[in-house]
Amino acid sequence: MKFFVDTAEIDEIRELNELGMVDGVTTNPSLIRKSGRDIIDVTREICDIVSGPVSAEVTATESEQMIAEGKKLAEIADNIAIKVPLTWDGLKACKALSDLGQMVNVTLCFSVNQALLAAKAGATFVSPFIGRLDDINLDGLDLIGDIRLIYDNYGYDTQILAASIRTVNHVTQSALIGADVMTAPPSVIKSLASHPLTDKGLAAFLSDIEQAGQKII
Ligand code: G3P
């Protein structure tokens, strides 16, 4: 499973990228706002760091304007994936931009039917939002599984990008189900390294070597 990092914070992207943890980056208008940076400037800086797909989201709601914004975002770098919302206008923009050879990430997907439409419109990625479905007492991971099954039934090559990931369990289950990509905040990616038995075992090893009075250097 590919790891995308869901942030517009340059330092965090750089740190994870140096460890080989970043296959791509996703941003959205809320993350841009949180960064306090200009959307074009910060997206360009991210593309200078990361060679994989960098999703940058349009802000228009009407297809022609989305296409114009998408073309402008695509000028930033070759690895831009233009992010459009899963609306009828977004699907029109997805088809037009995909036909031009641009990577397109169709976001805010909350149903299998929406995912089917994204695939038919030529999306490179579809982003089902797990956490936001969980927030309203539905099961976001069920949606990932259903999309996986249906895409495989018909051989769609749109990649399932599990998004709105809030927990390490979302990551595990997305991988078990077969999501192609997951995008998570840096804090969740770092949490994947944590295990209480690792901490307990390390504490015992450190105590034993100290009591043995030994040092390597
Ligand atoms: O990738 C989409 C993501 O940014 C949304 O996450 O936690 O705001 O639902 P969240």
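How many aromatic pairs does a search of the whole structure find? It turns up four. Bear in mind that this is a predicted model. Some notes from going through it:

1. Start with the tyrosines. Among the four aromatic pairs is the one between tyrosine 151 and tyrosine 156, with 5.7 Å centre to centre and 65° between the planes. That makes it edge-to-face, because the planes are over 60 degrees apart.

2. Tyrosine 156 also pairs with tyrosine 154, this time at 6.4 Å centre to centre. Here the planes sit at 45°, so the pair goes down as tilted. Taken together, ring pairs join Tyr151, Tyr154 and Tyr156 into a cluster.

3. Tyrosine 156 is partly exposed, with a relative accessible area of 23%, and tyrosine 154 is exposed, at 61%.

4. Next, helix 9, which runs over residues 168-177. His170, Val171 and Ser174 are buried there. Looking down the axis, the buried residues of helix 9 fall within an arc of 100°, so they line one face of the helix.

5. What lies over that face? After helix 9 comes glycine 178, and its phi is positive, near 105°.

6. You'll find it in strand 6, residues 125-128. With a relative accessible area of 1%, serine 127 counts as buried, because the cut-off is under 20%.

7. Which residues does serine 127 touch, once neighbours within four places in sequence are left aside? The contacts are Asn105, Val106, Thr107, Leu108 and Cys109, plus Leu161 and Ala163.

8. Finally, aspartate 99. This residue belongs to helix 5, which spans residues 88-99. Its relative accessibility is 56%, so aspartate 99 is exposed, the threshold being over 50%. For a sense of distance, take lysine 190, which is 91 residues away from aspartate 99 along the chain. The C-alpha atoms of aspartate 99 and lysine 190 are 37 Å apart.

Methods. Residues numbered from 1 in each chain as written. Predicted model: local features only at pLDDT ≥ 70, side-chain atom pairs only at ≥ 80, totals over all residues. Heavy atoms only, no water. Helix = DSSP H or I, 4+ residues; strand = E, 2+ residues; numbered from the N terminus. Buried < 20%, exposed > 50% of the residue type's maximum accessible area, 1.4 Å probe, protein only. Arc of directions from axis to C-beta. Contact = heavy atoms within 4.5 Å. Phe/Tyr/Trp six-rings, centres within 6.5 Å; stacked < 30°, edge-to-face > 60°.
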